[in-house]
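Q: Please go through the labels used for this structure and set each one against its definition.

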Amino acid sequence: MKKKLIVIFGIILILITVFLIAYPHIEIKTGEKLIICNYNGDFSKYDKNHSYNELFCYDEKYDISINSFDVKKFLFFYTVHMEYIEGDFRETQFTLPESYIENFLKNAEIEDNENNIDLAELIKGKTAVVGNTRYLGNEYDNGIFYKLDGRYEEMWIFYDEDLLIIQVGSPDELPKFIAYK
């Protein structure tokens, strides 16, 4: 009986030792969150490769862009829960797809268009230049305020040399851009 207790105690001790050694190497990707375990709550190795306004951090290992960190502690164990989106957000952070403009022209409920801007007429015969470019030089005097797909939004239209630029979103809330040539 004593030998059984010693063997059971030895097995439990080995399992605890293995767990304590393996714990800081546990990383779980759930599809919505990346959960890491460690002894100090440090997540600095994931807090790199920031997007333009530092809303996202890109992790190359998992090809995800992390947008929040939540550290939880239990005794001397830490888990860090990180919400993310798939891919490198930095590659598309300013991109407004042409399909958005098409959806706008068909479905937007215009709330305010003080300058009576006819977007369909402005882009007629022009080719979309879709890219991940932040265009500067907007004077914010040609705006359209609207509701689309249940969201209230603002659109600003301006020129940059020979390009007609359409900006969707406030300048301080990571706007998206598309150009027409």
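Q: How many salt bridges are counted, and by what rule?
A: The count is seven, a salt bridge being a side-chain nitrogen of Lys or Arg within 4 Å of a carboxyl oxygen of Asp or Glu. The model is predicted, so local features need pLDDT of at least 70 and side-chain atom pairs count only at pLDDT 80 or more, while totals for chains, interfaces and linings use all residues. Residues are numbered from 1 along each chain as its sequence is written, and side-chain values use heavy atoms, with hydrogens and water left out.

Q: What makes Asp 70 and Lys 72 a salt bridge?
A: Their N to O distance is 3.9 Å, and the limit is 4 Å, so the pair qualifies. Asp 70 has 36% relative accessibility and Lys 72 has 42%. Buried means under 20% relative accessible area, exposed over 50%, and partly exposed in between (1.4 Å probe, protein chains only). Both residues are therefore partly exposed.

Q: Which labels do Glu 153 and Arg 151 receive?
A: Glu 153 has a relative accessible area of 19% and is therefore buried. Arg 151, at 56%, counts as exposed. Their side chains meet in a salt bridge at 3.7 Å, N to O.

Q: How do you know that the buried residues of helix α2 line one face?
A: The buried residues of α2 (residues 98–107) are Ile 101, Asn 103 and Phe 104. Seen down the helix axis, they fall within an arc of 160 degrees, so they line one face. The arc is taken from the directions from the helix axis to the C-beta atoms. Helices (H or I, at least four residues) and strands (E, at least two) are DSSP runs, numbered from the N terminus.

Q: What covers the buried residues of α2?
A: The cover includes β6 (109–112), α3 (119–123), β8 (143–148), β9 (151–160), β10 (163–168) and β11 (176–180).

Q: What makes a set of residues a nonpolar core?
A: The members must be buried Ala, Val, Leu, Ile, Met, Phe, Trp, Tyr or Cys residues, joined through side-chain atoms within 4.5 Å. The largest such core has 18 residues, and those with the most contacts inside it are Ile 101, Met 155 and Ile 166. The elements that give two or more residues to this core are α2, α3, β8, β9, β10 and β11. A second, separate core of 10 residues includes Phe 89, Tyr 135, Leu 163 and Phe 177.

Q: Why is Phe 74 called exposed?
A: Phe 74 is at 57% relative accessibility, so the residue counts as exposed. Phe 74 lies in strand β4 (residues 64–74).

How values were computed. Contact = heavy atoms within 4.5 Å.
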